[in-house]
Amino acid sequence: MISLCPVCGSLLVRKEGEADYYCQNPECSGKNIFALIHFASRVAMDIDTLGEKVVETLHDQTFLQTIPDIYKLNQYKSSIMELPGFGDKKVQKILDAIEKSKQQPLDRLLFGLGIKHVGAKVAKTLLKAYPSIDQLKQATYEDLIQIPDIGPEIAQSVENYFSQHKQLEMLDELKSLGLNLTYHQDEVKPHEFNGKIFVITGTLQGYSRDQASALIEKLGGKVTSSVSAKTNILLAGSDAGSKLKKAIELGVYVMNEEEFKVKTDE
DNA sequence: GAGCCTCGAGATCT
DNA sequence: CTCGAGGCTC
């Protein structure tokens, strides 16, 4: 089947062994769109509901031009909600999924960057030898070619990618936006709620008190009733009163429902 | 309620 | 890959 680039109309090509189409016109912004779609896709960063159409629309509306822009979308929430077809729930779902994707294992991110010859498998192979972006970007051609299953083509492509300033800057930006740039191969890390002491206050929209407590305990946290110096996290719903005030005085971390939802999801 | 979009299931091919 | 279900917007 023949497809045309939705942006510039030129013929799309599919590279051998890859699922996605690319626009070859060097002037075309369609390339960006495909790169973004690939990054967000299920096989890469798996950003739920950030599918082709959504990426395309946000790109056309200039909210989304580069990969780091994905992680800045939350700044434009209200403007995005004014777009036709982007209601409250949909936008929130997208933003939640984006937030969650920051924790994706690094091999997904590396694959998502769309480096030539670096597919899902090669990404893992590279990270076994150099388990962080900081290490990988310093590897020379000679270093890379020593890695089992990595030949001259891939080594050249990877070296080339990391020699470009604009890519290094982009990766720095992703780091500062809170993405995970180190690879924890088979380390199953305990949930961040593990061992934390919670207090719940105010009215939660999506959970009853019992549900929230059960969720926290399931993830290894503990729920107590009053805020003290021992409290680690105050989960605050709307209309929070004295507990919130006290938490702020004591410097206890205050978590809103949105963050709670994201962090307990899965 | 209609229409759009994304996802997952199950079939298909390699 | 194709199809249908389900969620969301309007």
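The side chain of Lys 102 reaches the backbone oxygen of Leu 177 at 3.1 Å, a polar contact, meaning a pair of N or O atoms within 3.5 Å; within protein, one must be able to donate a hydrogen and the other to accept it, and residues adjacent in sequence count only if both atoms are side-chain atoms. This is a predicted model, where local features need pLDDT of at least 70, side-chain atom pairs count only at pLDDT 80 or more, and totals for chains, interfaces and linings use all residues. Residues are numbered from 1 along each chain as its sequence is written, chains are lettered from A and ligands numbered from 1 in the order in which they are written, and side-chain values use heavy atoms, leaving out hydrogens and water.

**Around Lys 102**

- Lys 102 sits in the loop between helix H5 (88–101) and helix H6 (106–112); helices (H or I, at least four residues) are DSSP runs, as are strands (E, at least two), and they are numbered from the N terminus.
- With a relative accessible area of 13%, Lys 102 is buried (buried means under 20% relative accessible area, exposed over 50%, partly exposed in between, using a 1.4 Å probe and protein chains only).
- Leaving aside residues up to four places away in sequence, Lys 102 touches Tyr 71, Leu 177, Gly 178, Leu 179 and Asn 180, where contact means heavy atoms within 4.5 Å.

- Arg 42, Asp 48, Thr 49, Gly 51, Glu 52, Lys 53 and Val 54 are the residues around DNA strand B, each with a heavy atom within 4 Å of the strand.
- Of the atoms of DNA strand B that come within 4 Å of the protein, 88% belong to sugar and phosphate.
- The residues of this surface divide into four charged, two polar and one nonpolar; Ala, Val, Leu, Ile, Met, Phe, Trp, Tyr, Cys and Pro count as nonpolar, Asp, Glu, Lys and Arg as charged, and the others, Gly among them, as polar.
- A phosphate oxygen of DNA strand B lies 3.2 Å from a polar backbone atom of Lys 53.
- For Val 54, the distance from a polar backbone atom to a phosphate oxygen of DNA strand B is 3.3 Å, and for Glu 52 it is 3.4 Å.

**Two loop residues with positive phi**

- Most residues other than glycine have a negative phi.
- Asp 46 has a positive phi near 50 degrees; Asp 46 lies in the loop between helix H1 (30–40) and helix H2 (52–60) and is partly exposed at 34% relative accessibility.
- Asp 149 has a positive phi near 75 degrees; Asp 149 is in the loop between helix H9 (141–145) and helix H10 (152–162) and is exposed, with a relative accessible area of 71%.
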